[in-house]
Amino acid sequence: MAAWVGKKYKMEKSEGFDDYMKALGVGLVLRKLGNSISPTVELVKDGDEYTFNTTSTFKNTTIKFKLGEEFEEETVDGRKVKSVCTFEGDNKLVHEQKGDKPTTIIREFTDSELTATMTAGGAKCVRYYKVA
């Protein structure tokens with residue numbers, strides 16, 4: 001069974017998030033807000049459909065997807081993108097967002113942690129989560 005099944009992960013630490021948001025064109029006020037919150041995330045599978053929930057004191061988001069199928073997504077900062085999610089093995093979720101500023105998010109799950117590595121342009125951010 002995949003490490004992420006039945007678990008929620010709470011962000012503990014973030015590196016490079018301000019530069020990542022700058023690369024996406026996020027303004028100062030929203031960047032300050034984004035840097036001040038610690039979201040909780042959860043990945044749920046139902047048949048061949050996945051749901052990725054992000055909850056925080058700022059905004060809650062949900063995306064639903066099937067592996068390898070393009071879907072429309074509105075990001076937390078309001079960008080409209082076309083996304084595709086795939087798994088490499090059971091515990092590495094690769095999330096490609098295509099739009100004005102292409103982004104790749106790689107989420108690596110273990111039994112107790114989640115590491116999310118996000119890249120946009122030349123900026124890279126790594127966010128570390130622990131099981132909530």
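Predicted model: local features only at pLDDT ≥ 70, side-chain atom pairs only at ≥ 80, totals over all residues.
Reader: How many aromatic pairs does a search of the whole structure find?

Author: Rings of Phe, Tyr and Trp (its six-membered ring) pair if their centres lie within 6.5 Å; planes under 30 degrees apart count as stacked, over 60 as edge-to-face and the rest as tilted. Searched over the whole structure, the number of aromatic pairs is 8.

Reader: Is the pair of Trp4 and Tyr50 stacked or tilted?

Author: The ring centres of Trp4 and Tyr50 are 6.2 Å apart. Their planes stand at 55°, so the pair is tilted.

Reader: How many residues apart in sequence are the parts that Trp4 and Tyr50 tie together?

Author: Both residues are buried (under 20% relative accessible area, with exposed over 50% and partly exposed in between; 1.4 Å probe, protein chains only). Helices (H or I, at least four residues) and strands (E, at least two) are DSSP runs, numbered from the N terminus. Trp4 lies in the segment before strand S1 (8-15) and Tyr50 in strand S3 (residues 49-55), so the parts tied together are apart in sequence by 46 residues.

Reader: What is the angle between the planes of Trp4 and Phe87?

Author: Trp4 and Phe87 are both buried. Trp4 lies in the segment before S1 and Phe87 in strand S6 (residues 80-88), so this pair ties together parts 83 residues apart in sequence. The pair is stacked, with 6.0 Å from centre to centre and an angle between the planes of 10°.

Reader: Which residues form one aromatic cluster with Trp4, Tyr50 and Phe87?

Author: Trp4, Tyr50 and Phe87 belong to one aromatic cluster.

Reader: Where is Tyr9, and which residue's backbone oxygen lies 2.9 Å from a polar atom of its side chain?

Author: Tyr9 is in strand S1 and is buried, with a relative accessible area of 1%. The backbone oxygen 2.9 Å from a polar atom of the Tyr9 side chain belongs to Thr110.

Reader: Over which ring does the charged end of Arg107 sit?

Author: A charge sits over a ring if NZ of Lys or CZ of Arg is within 6 Å of the ring centre and within 35 degrees of the ring normal. The charged end of Lys13 sits over the ring of Tyr128, 4.7 Å from its centre. For Arg107, the charged end is 4.2 Å from the centre of the ring it sits over, that of Phe52.

Reader: How many disulfides does a search of the whole structure find?

Author: A disulfide is a pair of cysteine sulfur atoms within 2.5 Å. The sulfur of Cys85 has its closest cysteine sulfur in Cys125, 17 Å away, too far for a bond. Cys85 is buried, with a relative accessible area of 0%, and Cys125 is buried, also at 0%. The number of disulfides found is 0.

Reader: Which residues in contact with Leu93 include a cysteine, and which cysteine?

Author: Leu93 is found in strand S7 (residues 92-98) and is buried, with a relative accessible area of 0%. Contact means heavy atoms within 4.5 Å. Not counting residues up to four places away in sequence, Leu93 touches Leu43, Phe65, Thr86, Phe87, Ile105, Ile106, Arg107, Phe109 and the cysteine asked for, Cys85.

Reader: With which side chain does the side chain of Thr104 make a polar contact?

Author: A polar contact is a pair of N or O atoms within 3.5 Å; within protein, one must be able to donate a hydrogen and the other to accept it, and residues adjacent in sequence count only if both atoms are side-chain atoms. Thr104 is in strand S8 (residues 103-109). Its side chain makes a polar contact, at 2.8 Å, with that of Glu96.

Reader: What is the length of the polar contact that joins the side chains of Ser83 and Glu73?

Author: Ser83 is found in strand S6 and is buried, with a relative accessible area of 0%. The polar contact joining the side chains of Ser83 and Glu73 is 2.5 Å.

Notes
Residues numbered from 1 in each chain as written. Heavy atoms only, no water.
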